[in-house]
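User: Could you walk me through this two-chain model, one question at a time?

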Amino acid sequence: MNNFSDIFNTYNWDETKAGIYAKTGQDVERALAASKRTLEDFKALVSPAAAPYLEQMAAISQQLTQKRFGKVIQMYVPLYLSNECKNICTYCGFSYDNKVKRKTLLPMEIMQEVSVIKAMGYDHVLLVTGEDNETVHVDYFKKVLDLIRPHFAHISMEVQPLDLEDYLQLTPYGLNTVLVYQETYHQEDYKKHHPKGKKSNFRYRLETPDRLGQAGIHKMGLGILIGLEDWRTDCFFTALHLNYLEKNYWQTKYSLSFPRLRPFSGGLEPKVEMSDRELVQLICAYRIFNEEVELSMSTRESENFRNNIVKLGITNISAGSKTNPGGYAVEPESLEQFEISDERSPEQIAQVIRSQGYEPVWKDWDNSLAQ
Amino acid sequence: MLTIADKIFNSRLFTGTGKFSSSILMEEALLASGSELVTVALKRVDIKNNDQDDLLNRLKYQHINLLPNTSGVRNAKEAVFAAQLAREALETNWIKLEIHPDPKYLMPDPIETLKATEELAKLGFIVLPYIHADPVLCKRLEDAGTSAVMPLGSPIGSNKGLKTIDFLEIIISQSNVPVIVDAGIGSPSDAAWAMEIGADAVLVNTAIAVSGNPVQMAKAFKMAVEAGRLAFEAKLALPVTHAVASSPLISFLDE
């Protein structure tokens with residue numbers, strides 16, 4: 001069976017990083033002029049040398065995105081089911097060593113949350129949990145999927161990495177998409193940030209997308225947590241991973257996220273800062289590199305940034321999000337994963353999207369289509 | 001006039017509903033196009049409460065026929081199920097069969113498409129399958145009971161024009177069902193070209209929806225399709241690549 005580890009292990013972090021920082025304006029110009037961009041082109045597009053070309057990159061990114069996706073932005077919202085977690089992660093509010101009361105939603109509570117989310121207009125939902133295999137496990141997910149499936153056209157999940165057999169069990173329950181972020185591809189740093197719990201196994205996480213591909217999942221999402229390590233290098237490895245996955249699991253759709261580290265109670269300061277300008281560069285670089293990949297934007301970013309990013313390459317956006325279990329109705333004050341930055345309602349965001357000349361789309365899938 | 005199954009069309013421009021910046025603009029553009037057959041992705045509309053669906057409500061015109069499509073399905077089984085859902089919800093037995101298991105380039109799966117066409121035709125559907133420009137597949141689909149064929153001009157949404165021109169010409173020359181060039185048509189001149197070579201109709205979406213002025217572009221496509229059809233019916237003068245002078249090669253015949 002193919003495995004990304006085999007490819008990943010042929011790369012060296014420091015050499016890769018040096019290669020990115022050695023790119024010149026000429027390399028950037030070649031990447032911009034190419035009709036199909038290679039991984040070397042991607043290095044140039046995320047390198048410091050590309051900074052002066054940002055306006056041009058934005059124009060290309062906008063045009064490519066409109067050609068593929070049209071003038072529409074898809075709306076989704078997270079539904080946090082649980083903040084119980086046995087992992088220690090230095091950057092996360094749910095970290096095991098964060099001694100705060102924990103909660104996992106009961107079926108009745110889930111339905112209360114669902115009714116609020118539905119009233120906001122949502123039809124696409126993202127289920128989120130921490131990692132506690134005693135309470136939040138495959139049987140729990142099956143129950144939740146069974147419960148909410150009649151109410152949503154599209155269900156995504158961002159939970160702990162699972163075994164192939166688990167994914168095979170969950171897809172018949174209407175699970176369409178799984179997001180699993182590597183956080184960082186820097187192995188030593190990964191160990192530092194994940195000292196305890198199942199998540200400390202770098203390789204198991206790295207090979208999760210392979211298991212998802214083997215399970216024939218409709219869509220999977222990749223990404224790193226920006227702020228842990230050099231973002232340019234980490235994002236190169238994300239692009240490398242994406243390239244590999246597209247070739248091997250050609251029936252799966254892909255999406256990318258680019259969360260920047262946000263404050264939470266007792267949290268970590270980012271080791272590496274990324275400016276707004278650099279985040280725009282990254283979004284445009286991803287788009288120019290891959291015309292088909294979905295690019296997703298959360299409420300971590302500021303109002304002004306989100307208003308303006310709509311036209312620059314993203315395809316999906318969340319709004320009105322709560323990052324704690326019960327946040328919409330049941331227990332608004334429970335422990336949240338991170339502080340959101342844009343607190344505007346879904347309707348306000350929809351209005352922003354329309355004012356930018358785009359249509360907010362609430363439904364672009366139907367659960368009944370996958371048998 | 002074009003006849004497909006039991007319907008007669010005055011317009012040979014078919015259109016789609018995706019990618020528009022608003023549903024109002026979509027409505028205006030589709031009206032300007034004069035199109036009488038408009039495809040709608042089943043996944044995009046509220047099938048259960050279709051009376052309340054904004055997109056569907058904007059298509060309620062006497063002259064507009066809905067053509068639900070199965071975009072998003074990955075095999076024949078899912079496609080047949082989707083077609084049945086569409087028939088029930090939208091009260092039409094017309095179905096645009098789109099089976100692309102490859103979500104990157106959205107290339108149609110010929111094997112699953114043939115299987116689904118066979119089954120749907122037996123179930124009484126008017127099937128319009130989206131396919132690669134493959135002449136043999138077109139004949140096989142005819143045998144399976146298809147009502148038309150919809151070969152691609154170039155990759156869907158690419159606006160690259162008629163890259164498959166040689167195969168389209170073969171398909172048109174031997175088809176017993178209407179041939180609708182679907183996907184890749186990027187400009188009115190591409191549409192006119194498709195009509196000039198004898199396509200029965202074209203389907204255009206991205207090139208209208210993503211243009212600077214979709215209403216005006218829709219009108220431009222309408223005119224181009226009409227011009228191309230007129231030219232086809234008038235029979236084009238064949239191009240001459242070199243002058244014909246005296247014939248040294250066969251002059252011996254007159255000796």
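Here are some questions and answers on the model.

User: Before we start, what should I know about the model and its numbering?
Analyst: This is a predicted model, in which local features need pLDDT of at least 70 and side-chain atom pairs count only at pLDDT 80 or more, while totals for chains, interfaces and linings use all residues. Residues are numbered from 1 along each chain as its sequence is written, and chains are lettered from A and ligands numbered from 1 in the order in which they are written.

User: Which helix gives the most to the side of chain B that touches chain A?
Analyst: Two residues are in contact if their C-beta atoms, placed from the backbone, lie within 7 Å. The contact takes 23 residues from chain A and 28 residues from chain B. On the chain B side, helix H3 (76–90) and helix H8 (206–209) each supply at least two residues; helices (H or I, at least four residues) and strands (E, at least two) are DSSP runs numbered from the N terminus. The top contributor, with five residues, is H3(B).

User: How far apart are the end C-alpha atoms of helix H4 of chain B?
Analyst: The expected span of a helix is 1.5 Å times one less than its number of residues. H4(B) covers residues 110–122, and its 13 residues should therefore span 18 Å. The model agrees, with the end C-alpha atoms apart by 18 Å.

User: Which elements are included in what covers the buried residues of H4(B)?
Analyst: A residue is buried if 20 or more other C-beta atoms lie within 10 Å of its own, exposed if 12 or fewer, and partly exposed in between, with C-beta atoms placed from the backbone. In H4(B), the buried residues are B:Glu112, B:Thr113, B:Leu114, B:Ala116, B:Thr117 and B:Leu120. Their cover includes, from chain B, H3, strand E6 (94–97), strand E7 (126–131) and helix H5 (135–144).

User: Is B:Leu106 buried, exposed or partly exposed?
Analyst: B:Leu106 sits in the loop between E6 and H4 of chain B. Its phi is positive, about 55°, although it is not a glycine. Because B:Leu106 has 19 C-beta neighbours inside 10 Å, it counts as partly exposed.

User: Which residue is the bridge partner of B:Ile180 in strand E10 of chain B?
Analyst: Two strands pair if DSSP finds at least two bridges between them. Strand E9 (residues 180–182) of chain B runs parallel to E10(B), joined by three bridges. E10(B) spans residues 201–204 and is covered on both faces, with B:Ala201 and B:Leu203 buried on one side and B:Val202 and B:Val204 on the other. The partner of B:Ile180 there is B:Ala201.

User: And which residue in E10(B) is the bridge partner of B:Leu13?
Analyst: Strand E3 (residues 13–16) of chain B also pairs with E10(B), in the parallel sense and over three bridges. Within E10(B), B:Leu13 is partnered by B:Val202.

User: How many residues does the largest nonpolar core have?
Analyst: A nonpolar core is a set of buried Ala, Val, Leu, Ile, Met, Phe, Trp, Tyr and Cys residues joined through C-beta atoms within 7 Å. In the largest one, the residues with the most contacts inside it include A:Leu45, A:Val46 and A:Ala285. A second, separate core of 76 residues includes B:Val38, B:Ala82, B:Met217 and B:Phe221. The size of the largest core is 93 residues.

User: How far apart in space are A:Gly216 and A:Arg102, C-alpha to C-alpha?
Analyst: A:Gly216 lies in the chain A loop between helix H11 (208–214) and strand E5 (219–223). In sequence, A:Gly216 and A:Arg102 are 114 residues apart. Their C-alpha to C-alpha separation in space is 33 Å.
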